[in-house]
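This report describes a single protein chain in plain terms. Please look at the sequence and the structure first, then read on.

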Amino acid sequence: MGKGQQAAGMLSGTDAIHIATVLEDCVDQLAVLGRIMPASFEARSDAVEMVSNELNQLVSGQKELELRYQTILAKKLDLMSSTKNQDRLTEVEKEVIEAGADLKNSTHVFGRSLRQNPLTGDNMVKVQEDRMFVERCMSDTLSECIQNCSFQALAETVRTQKERKARLQETILKEENGRKHVKMLHKKLIDIQKEKEIELQQRNNMIAHFKDQLQEMKAKTDMEGKYLKKSAEVTVAQTQKKCTLSEKAMQDEIESLKHQIEEENRCNQEIENYLRAHQEELEKKVDFWMEKYEKDVEAKQHELDVLKASKAKDLDKLQELTKLYKEYEQVVVEDRIEKEKARRKADQEAIELRAAIRVQSWWRGVMVRKGFGPYIRNLHNLRNYKISRDLNYS
């Protein structure tokens, strides 16, 4: 097979046979693993030990990242106090930022790992699904490698998985932005409610003030009416008494007194008319303000109902988004756990393959040295050659 075909993603015959052998062994092991895997790790005696080992690895990785971050930060502080090289300071600053980002991501993954239980049946179902997916992928790659000496199916599967992961990351980012927007709207809603409550309190205080003024005006009007009435009665009684005691002496003053009485009555009547008119005006104002108060209260109650409905709708939407985020987060964590398990499994298989190759090489050497199997004729020829050589020498 030429170099152009190999550059285009094709394999040579020998490489294709080697890869096909490895892939076939991998498919067989995956099939056997699917038959022997339990439905859940909860019933296994070493389940707690498995979880403990995983947690110990996470804790050790977290401690290493924290030590690295502290070391780089101390290095930055030393450089800031001992040198003025801006390029070196910029480089150390980038290292600090990268170490901080790694520590933040590790802390997030560590927290989510502590909140989840890898021993449940759901995790084992996910493991079985991933195993079936890997088995199908390896089977397709094996068929393509045998038939076409290529591995385009494997490359296409890897590309598809990368695209799916990118879409999942984009969905998570959109959900985080939506959650921030909901928090901002919730804060604005609280501020608006506080403003409306303050405004309603101010209007209630104003209405109470107007009621107090109305009560004071009514009391003042009643007191003035009683005072004028009593004053007129006292004046008439005094005049009558004076007329009785000095009728003859004060006969000349009768007309004058009558005129004064009429004047007082007229003034009293005008004052009463004025007070009645003023009272009617105040009553109209009271009716107007009471009607305005009822309308304002009804309008604000309607606004409050609308705000409550909007708040309930936003809360429902927030709950849906929170539920969706938790589901996506669980899928991501499970995928990472399964990838780590697959990597460890691949490492173990590579170690076993190297050990098998060494054992086969040793056994072939033993067969050659001992003359077993197809090497027995070569061993007989070698013995004849030694015997003839000894005869010639003798």
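Which residue forms a salt bridge with aspartate 296, and how far apart are the closest N and O atoms? The partner is arginine 203, and the closest N and O atoms are 3.3 Å apart. The model is a predicted one.

## Overall make-up

The chain has 394 residues, of which 16% are buried. It contains eight helices and zero strands. Read from the N terminus, the order of elements is therefore α-α-α-α-α-α-α-α.

Among contacts with a separation of 6 or more, 75% are between residues 24 or more positions apart. The chain exposes about 30,400 Å² of surface, and carbon and sulfur atoms supply 57% of that area.

## Salt bridges

The structure holds 16 salt bridges. Aspartate 296 is partly exposed, because its relative accessibility is 23%, and arginine 203 is partly exposed at 33%.

Other salt bridges lie within one helix. Lysine 295 pairs with glutamate 291. These two residues are four positions apart in helix α7, which means that about one helical turn separates them. Glutamate 291 has a relative accessibility of 42% and so counts as partly exposed.

Aspartate 347 and arginine 343 also meet through their side chains in a salt bridge. Again the two residues are four apart in helix α7, so about one helical turn lies between them. Aspartate 347 is partly exposed at 38% relative accessibility, and arginine 343 is partly exposed at 42%.

Some salt bridges share partners. In this way Glu199, Arg203, Lys292 and Asp296 are joined into one network.

| Aspartate 296 | Arginine 203 | 3.3 Å |

## Nonpolar cores

Which residues make up the largest nonpolar core? There are eleven of them: Ala16, Ala20, Leu23, Cys26, Val27, Leu30, Cys137, Met138, Leu142, Cys145 and Cys149. Helix α2 (13-36) and helix α5 (121-148) each supply at least two residues of this core. The largest share comes from α2, with six residues.

Cysteine 26 belongs to this core. Leaving aside residues up to four places away in sequence, cysteine 26 touches Met138 and Glu349. Apart from this core lies another, of six residues, including Leu89, Val92, Val96 and Ala99.

Is cysteine 137, a member of the largest core, buried or exposed? Cysteine 137 has 8% relative accessibility, and the limit for a buried residue is under 20%, so cysteine 137 counts as buried. Cysteine 267, in contrast, is partly exposed, with a relative accessibility of 27%.

How many disulfides does a search of the whole structure find? The search finds zero disulfides.

Cysteine 149 is another member of the largest core. Threonine 14 and cysteine 149 are 135 residues apart in sequence, while their C-alpha atoms are 9.8 Å apart in space. Threonine 14 is in helix α2. It is partly exposed, with a relative accessible area of 48%.

With 44% relative accessibility, methionine 206 counts as partly exposed.

Definitions and conventions
Residues numbered from 1 in each chain as written. Predicted model: local features only at pLDDT ≥ 70, side-chain atom pairs only at ≥ 80, totals over all residues. Heavy atoms only, no water. Buried < 20%, exposed > 50% of the residue type's maximum accessible area, 1.4 Å probe, protein only. Contact = heavy atoms within 4.5 Å. Areas by Shrake-Rupley, 256 points an atom, 1.4 Å probe, with all protein chains shown as cover. Core = buried A, V, L, I, M, F, W, Y, C linked by side-chain atoms within 4.5 Å. Disulfide = S-S within 2.5 Å. Salt bridge = Lys/Arg side-chain N within 4 Å of Asp/Glu carboxyl O.
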